Amino acid sequence: MQMIVELLAKNGLVFAFVMVGLVMWLSYQLSDRLTAGRLHGSAVAIILGLVLAWIGGTMTGGSKGIADVPLFAGIGLMGGAMLRDLAIVSTAYGVDMRVMRKAGAAGATALALGIVVSFAVGAAIAAAFGYDDAVSMATIGGGAATYIVGPVTGTALGASSDVIALSVAAGLLKAVLVMIGTPFVAPLIGLNNAKSAMAYGGLMGTTSGVAGGLAATDKRLVPYGAMTATFYTGLGCLLGPSVIYLALLAVTGR
Amino acid sequence: MIIYGVAALAACHLAGVILGDMLGVLLGVQSNVGGVGFAMLLLIVVTDWMRRTDRMPALSEQGILFWSAMYIPIVVAMAAQQNVVAALAGGPVAILVGLAATAACWALVPVVARIGGQDAPLPPLLPQEA
């Protein structure tokens with residue numbers, strides 16, 4: 001037994017392929033049998049993935065979900081940023097440049113609006129709970145953008161560590177919500193064509209959330225959403241500690 | 001050969017990420033700006049040129065399509081390593097901020113998607129394509 005566990009841990013990535021294959025099979029069965037295919041198999045698989053992440057996080061107290069369990073470390077490689085980004089890039093194969101260009105204006109508007117609205121919502125709620133200085137408001141607002149923008153903004157402005165932790169938690173929750181919620185809200189917000197997908201990526205911004213959410217909705221939307229989402233975190237890190245902080249400072253005066 | 005497709009994909013990925021990192025440094029941001037996006041644009045342009053000049057046989061194409069087909073399983077593996085515990089343990093402020101920001105941006109999708117005229121929905125997906 002000990003020997004087998006060691007062998008599986010040593011062949012981590014290969015074992016991850018088997019594990020994820022099983023999760024996919026189980027998900028498509030559940031999707032067919034329980035929801036008659038209404039909830040897409042990939043949506044079920046992503047929810048199962050998040051449940052596994054929760055189980056792993058509770059078991060180990062680590063920050064990388066099931067990948068913190070040594071036996072499942074291969075999941076960390078398979079779903080890590082390197083292979084994830086390679087797979088995202090590959091989805092662009094065969095995309096028509098003209099479609100991309102036509103939706104460009106909507107995508108750029110979505111980016112600007114998505115960043116500003118997230119910061120504004122986050123800062124307003126922060127202020128309502130007593131975090132009413134510009135540094136804390138900008139940091140928590142950054143967390144409302146993505147879980148990277150929050151800590152980058154907070155570190156740049158010298159926010160306290162509890163405020164930074166808060167911003168990370170808010171951003172993580174947003175990523176999880178976008179992953180799970182996208183297939184459910186898609187019909188309500190007209191998320192069914194290239195242009196709305198580009199708008200979606202720019203407005204939501206969280207790469208993992210958008211990548212998961214669109215995979216669960218319709219894989220053909222992925223390249224368009226990923227295209228705009230990939231600019232979001234960088235722009236958020238640019239605007240957060242500068243323009244948005246100064247704007248908040250002008251409003252709050254401290 | 002299949003590896004040619006994989007190599008073209010990987011080269012576009014790296015070139016894009018390098019470009020994104022350089023843009024990040026240029027803007028003075030501690031983050032990659034649009035690397036994956038640049039990589040996607042590169043892949044579209046490069047593979048379009050390769051196809052038009054007959055440098056992309058079906059076998060090379062398979063090297064890219066394989067990774068595209070692995071996208072959803074990879075995303076499932078990504079989901080399985082999210083810090084879900086921390087996402088749920090942030091307390092009322094973090095939960096409210098996360099919920100409200102997500103909801104507000106969801107509500108804006110139809111507004112922004114209307115810029116420059118509404119697009120028709122994609123044709124329905126065949127089960128075997130999913």
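Chain A holds 13 helices and 0 strands. Helices here are DSSP runs of H or I with at least four residues, strands are runs of E with at least two, and both are numbered from the N terminus. What I am showing is a predicted model, in which local features need pLDDT of at least 70, side-chain atom pairs count only at pLDDT 80 or more, and totals for chains, interfaces and linings use all residues. Residues are numbered from 1 along each chain as its sequence is written, while chains are lettered from A and ligands numbered from 1 in the order in which they are written.

Now the overall form of chain A. Its C-alpha trace spans about 65 × 45 × 30 Å along the principal axes. The radius of gyration of chain A is 20 Å, close to the 18 Å of the globule rule for 254 residues, so chain A is as compact as a globular protein of that length. That radius is taken over C-alpha atoms, and the rule is 2.2 Å times the number of residues to the power 0.38.

Of the 254 residues in chain A, 61% are buried, meaning that 20 or more other C-beta atoms, placed from the backbone, lie within 10 Å of the residue's own.

Next, the contact between the chains. How many residues does each chain bring? Chain B gives 70 and chain A gives 98, where contact requires C-beta atoms, placed from the backbone, within 7 Å. On the side of chain B that touches chain A, α6(B) gives the most, with 18 residues. By class, that side of chain B has 52 nonpolar, 17 polar and 1 charged residues. Nonpolar covers Ala, Val, Leu, Ile, Met, Phe, Trp, Tyr, Cys and Pro; charged covers Asp, Glu, Lys and Arg; the others, Gly among them, are polar.

Notes: Two residues are in contact if their C-beta atoms, placed from the backbone, lie within 7 Å. A residue is buried if 20 or more other C-beta atoms lie within 10 Å of its own, exposed if 12 or fewer, and partly exposed in between; C-beta atoms are placed from the backbone.
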